[in-house]
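Here is a short briefing to read beside the sequence and the model.

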Amino acid sequence: MAAVFFHHVVGDLTVGKPEVAELHDTDTLDDAARAIASSPEGAVPVWRPRATPDDPPSGARFIGMISALDIAAFVAAAGVGDRAMRAVVGEVVQPNPGLLREIDPGTRLIDALELMRHGVKRFLVRKSGSWKGITKRFSVLYNGKWLKNMDSTSPNAASSSRQLSSSMGFADKFCCLSREDVLRFLIGCLGALAPIPLTQISTLRAINPHYSYVEASAPAMEAIQKIPQDPCAVAVVETMPDGTRKILGDISTYKLWKCDYVSAAWALANLSAGQFVIGADENGSMSMSVLPEPPVSPSSPVEEINPGRSPRAKKFSSRSIGFQANQMSAWRMRSSFHRGRSTPLTCKSTSTLAAVMAQMLSHRATHVWVTDAESEEDGVLVGVVGYTEIFNAATRSACPSPTTS
């Protein structure tokens, strides 16, 4: 077992992290779109408003997470175009307090990873200006003094942490750690994790075969009904005569990150899943030059988008979504799905764990689709690898599964 999981604590990952910028359930979807554009994993935590301006962030005020896909699906269902972006976040976010956990900066990395393996997506961590970024087994260094690393879930530990931080004058400073932050830290410790990073993901049993999918001919909105919680993605596939599935693209929070939500919503409501993934490029912008403009009626006028209000680049138009005419005529062809900017992020079942980690981090993706390395056909889908699978594989020797007789 790599000692790095026991010798490092969560506080090591907070160095240089900005303070929490809260998105409240009373803010608008325009506000949420701006927050998501600058956040990892295409999603942000949502909080209840502070009772007083000096109230620190608290896990008790956390409601849930809102993602790029949540916004696009809501706007598509509302059917009123840009006006839907004026709705408040509270109308869209699904309450799920278990997605965030407030933990002590002295919590061991192995314990933090265990929480993330069981569904936690964010850590709320108290910052300390005297944090040295130096750790010791079962200990943590504050202001030059070694302290026992207490269980962050115990009341005594939480109380001691607050007293310590308060005495240093940093009582109200918090930061949020994401799974991307943990993955970036692990990438820097690959040598300490050897030989796991150089082992094939199939050998590590890191491929999740229970993925969600829709056929390319199905309506794009059908994918919304099948979106799992993690990873927040549905594969768009073509089923072959032998029963195998070829991946053509995906509909996911990652693909819609920083997108034009009004354009994406119109595409979700009016296109098939196959057409949708052709028009969604790796930056989340949409393109469909030969598709008609969304209908405009006196009862629901299309309003101009104010660039200062939203990160959306431009109003929906034939160029803002960019299918070329030859793309539309060829979208039924298998090869058209596997080339160009709409190509899904994939790896082979023989890829190493380090390669998949680097792939996810470089693309800031939440998942990588896994294709069969032994198949004669390209793109035969066998599963997906997300954060949970990576953390399970990296810590498997630390937390062995019970053996069966």
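The points below cover a strand pair, salt bridges and pockets.

This is a predicted model: local features need pLDDT of at least 70, side-chain atom pairs count only at pLDDT 80 or more, and totals for chains, interfaces and linings use all residues. Residues are numbered from 1 along each chain as its sequence is written, and side-chain values use heavy atoms, with hydrogens and water left out.

**Strands E10 and E11**

- Helices (H or I, at least four residues) and strands (E, at least two) are DSSP runs, numbered from the N terminus.
- Strand E10 (residues 233-239) and E11 run antiparallel, joined by seven bridges; two strands pair if DSSP finds at least two bridges between them.
- Val236 has Gly249 in E11 as its bridge partner.
- Five residues lie between the strands of this E10 and E11 hairpin, where Gly243 takes a positive phi near 95 degrees.
- Strand E11 (residues 245-252) is largely enclosed by the rest of the structure, because seven of its eight residues are buried.
- Buried means under 20% relative accessible area, exposed over 50%, and partly exposed in between (1.4 Å probe, protein chains only).

**Salt bridges**

- The whole structure holds 15 salt bridges, each a side-chain nitrogen of Lys or Arg within 4 Å of a carboxyl oxygen of Asp or Glu.
- Side chains of opposite charge can pair when their charged atoms come close.
- Glu41 pairs with Arg122 in a salt bridge, with the closest N and O atoms 3.7 Å apart.
- Glu41 sits in the loop between helix H2 (29-37) and strand E1 (43-47), and Arg122 in strand E4 (residues 122-126), so the pair ties together parts 81 residues apart in sequence.
- Glu41 counts as buried at 8% relative accessibility, and Arg122 is buried at 3%.
- Glu180 and Arg364 form a salt bridge, their closest N and O atoms being 2.9 Å apart.
- Helix H6 (residues 179-187) holds Glu180, while Arg364 lies in the loop between helix H15 (353-363) and strand E13 (367-371), so this pair links parts 184 residues apart in sequence.
- Glu180 is buried, at 3% relative accessible area, whereas Arg364 counts as partly exposed at 32%.
- Glu222 and Lys226 meet through their side chains in a salt bridge (3.7 Å, N to O).
- Glu222 is partly exposed at 32%, and Lys226 is partly exposed at 37%.
- One network, joined by salt bridges that share partners, contains Lys17, Glu180, Asp181, Arg184 and Arg364.

**Pockets**

- On a 1 Å grid over the protein atoms alone, a pocket is an open set of points where a 1.4 Å probe fits, with protein on both sides within 12 Å along at least five of seven lines; lining residues have an atom within 4 Å of a point.
- The largest pocket has a volume of about 630 Å³, a volume being the space filled by probe spheres set on the points, which are joined across faces, edges and corners.
- Its lining has 24 residues, with Met65, Ser67, Asp70, Ile227 and Cys232 nearest the centre.
- Strand E2 (62-67) and helix H3 (68-78) are the elements that give two or more residues to this lining, and H3 gives the most, with four.
- The lining of the largest pocket divides into 13 nonpolar, six polar and five charged residues.
- Ala, Val, Leu, Ile, Met, Phe, Trp, Tyr, Cys and Pro count as nonpolar, Asp, Glu, Lys and Arg as charged, and the others, Gly among them, as polar.
- The second largest pocket holds about 440 Å³ of space.
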